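Subject: Structure handover

Hello,

Here is the structure for your files. Please look it over before reading the notes below.

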Amino acid sequence: MKKVLNFINGEWCESSTGKTASVLNPATGEVLAEVTQSAKDDVDRAVEAAKTAQKSWRLVPAPERAEILYQVAFLLKERKEDLAQILTSEMGKVIDEGRGEVQEAIDMAYYMAGEGRRMFGDTVPSELRNKFAMSIRVPVGVAGLITPWNFPIAIASWKSLPALVTGNAIVWKPATETPILAAEFVKIYEEAGLPKGLINLVHGSGSVVGNAMVEHPDIDLISFTGSNEVGRDINGKAGALLKRTSLEMGGKNAITVLEDADLDLAVEGILWGAFGTSGQRCTATSRVLVHKDVKEELEGKLLDRIGELKLGNGLDETVKVGPVINRSSLERIDEYVKVGQEEGAKLLAGGKIATGDGLDKGNFYLPTIFTDVKPNMRIAMEEIFGPVVSIIPIQSMEEAIEINNMVEFGLSSAIYTQNVNQAFEAMRDLDTGIVYVNAGTTGAEIHLPFGGTKGTGNGHRDSGVASLDVYTEWKSIYVDYSGKLQRAQIDNY
C-alpha cells in the first residue's frame, strides 16, 4: 500500500506518531494510500527548518528565485495529465476539470515567476531637497498554508508560489483527503531546485496540525481556505497573537436571469456553476434569481438538460458529474434537501442519493433543483456545498440585487442580461468580490484577485498582484544626501 509521508527540511519522513489515515477514491471507495498523521513536534521541526532556510532565501535576488518557479511551471506542464489523473482519483472531479485545475497551477507558476522581475514598489519625490524616498516589499517570514480538498493543487499554487517568489518559507498542511497530489507538487518543487527547508509538508488533522501552526510563534502568517467555522476560529486565535491571516471561506452565490436574457446561455452557466465539481466549490451557483416572466421557460430548459448529466467515475471521459468527497458530505447534502422540502420548496429534479450502475460504491448525489424558493429559507441562505440549486422568482433587477446581497457571504455573483445599463448597475451594486456578466459564477482567472466580502473572507485576496500583499510587508526608505539635518513638515514650510 502506498504511503504518503511528511516532507521536512528536504527529507521525506514518517510522523512522530506512527499513525496513518486512509485516502479513499470517492467514486469507488477504493483505498488509494495511507497518509501519515502528524503531531505538534512534527510542526515544530518543520517551522525550525523553514525559519532557518528563509534567512538565506530572503537574500536571493527575486529574479533568481523566479527561475525556480519557471522550472516548476515547466514540470507541471510536462506532467499535467498524470497530475490530473491523480487529482480525479483522489478528489473525484471529472477529468476535464482535473486538467483545468492543473492548468491553473501552471498558469499561476508562470505568472508568479514573472513577479520576480516586477514586484513593484514606489519611488516618490521627497518634500525636502537632496533627499530620496521609496517603498519596497520585504518578505513576512514563515508562511503557514492550510489548503482544502476541493482544489488541491490550484489553491496550493495560489498560496505557495507568491509566498516563495517574495522570499518567504512555507509550512503546508494539505487536506487529509488529498495528500497524494500535495506530495507530487512538493516533489516538483524539489526537482525544480528549491533549496531544502523552504517548503515543508506536514500531514494531519486541523485540530492538531492546523492548530499547532496557528499558535506557533515562529509562523508569521496563516493563509487558509476552508469553512467559515474553522476560519473564524483561526482568526480569533491568530488575532490574539497579532499574527496576520488571509482567509477565504464560504459562498452562497447567485445568478440573476433577467427577462431579456439569452436563456440558453444562462442554462449553460447554471448547469456548469451548480453541478461542476458536484457543487463543491466556494464559487458554485447555489441560487438562481429569475424574472417571473421567463421563470417557467428557464425551468423547462433546465429540466431538458439535467438528464444529460451522466454521473460516475470522473476518469470516464463521458461522465459530467463526479462524486462528493465523502459519506458525511453525502449525508449532509441529503439533510439539506429534506430541510428544503420541509420548508415548502418545490423539488423539480434530483433530491436523493444516486444508486445503481455501480454508484453505490461511491458518494454520488443526483443534481438537484428546487423552485419557488423563498429568499430566507435555509437552503437559500446556508452553504450546502453540493449539487443543489434553488430557483427564486423575482420581479425586478432591484429585487434581485437585494436578495443577492442578503446572505452572509460575498464571494461571487452573476447576471444575464442584454441591457448594458442594467449590467453596469449590477457590477456596481452586487456586493461580492467577483461579478460576472453573461457568464456563471465560476471561472476566475489567475491574474485577477480572488476573494470576497462579508463572511467570505477578511479582506485579503489570492491570485493576481493583490496576493503579494499577503506575503509581504511594506518598507519605506528615505535617503538624505544633503549633509545636514532636515526635518520633514518643519524645515520645508
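Predicted model: local features only at pLDDT ≥ 70, side-chain atom pairs only at ≥ 80, totals over all residues.

Residues are numbered from 1 along each chain as its sequence is written, and side-chain values use heavy atoms, with hydrogens and water left out.

Pocket

The largest pocket holds about 950 Å³ of space. A pocket here is an open set of points on a 1 Å grid over the protein atoms alone, with protein on both sides within 12 Å along at least five of seven lines; its lining residues have an atom within 4 Å of a point. Grid points are joined across faces, edges and corners, and a volume is the space filled by probe spheres set on the points. The lining of the largest pocket has 37 residues, and Phe224, Gly226, Ser227, Asn228 and Val230 are the closest to the centre. Two or more lining residues come from each of helix H7 (206–215), strand E11 (221–225), helix H8 (228–240) and helix H11 (327–343). Helices (H or I, at least four residues) and strands (E, at least two) are DSSP runs, numbered from the N terminus. H8 gives the largest share of this lining, six residues. By type, the lining has 15 nonpolar, twelve polar and ten charged residues. For these classes, Ala, Val, Leu, Ile, Met, Phe, Trp, Tyr, Cys and Pro are nonpolar, Asp, Glu, Lys and Arg are charged, and the others, Gly among them, are polar.

Val214 is found in helix H7. Val214 counts as buried because its relative accessible area is 2% (buried is under 20%, exposed over 50%, partly exposed in between, with a 1.4 Å probe and protein chains only). Leaving out residues up to four places away in sequence, Val214 touches Ile222, Ile234, Lys237, Ala238, Leu241 and Lys243 (contact means heavy atoms within 4.5 Å).

Cavities

A cavity is a set of grid points where a 1.4 Å probe fits but cannot get out. There are three cavities of 30 Å³ or more. The largest cavity has a volume of about 80 Å³. Its lining has 14 residues, with Gly279, Ala284, Ser286, Glu383 and Phe385 nearest the centre; the lining divides into five nonpolar, six polar and three charged. The second largest cavity holds about 40 Å³. Its lining includes Lys252, Arg287, Phe409 and Thr432. Strand E13 (253–257) and strand E18 (409–410) each give two or more residues to that lining.

Cores

The largest nonpolar core has 124 residues, of which Leu76, Ile153, Val171, Trp172, Val257, Phe275 and Leu298 touch the most other members. Such a core is a set of buried Ala, Val, Leu, Ile, Met, Phe, Trp, Tyr and Cys residues joined through side-chain atoms within 4.5 Å. Helix H4 (residues 95–115) gives the most to this core, nine residues. Another core, of 26 residues, lies apart from it and includes Leu289, Ile392, Ile403 and Ala426. Beyond four places in sequence, the contacts of Trp172 include Leu145, Pro152, Phe185, Ile199 and Val202.

Cysteines

The structure has zero disulfides (a disulfide being a pair of cysteine sulfur atoms within 2.5 Å). Cys13 counts as buried at 16% relative accessibility, and Cys282 is buried at 12%.

Regards
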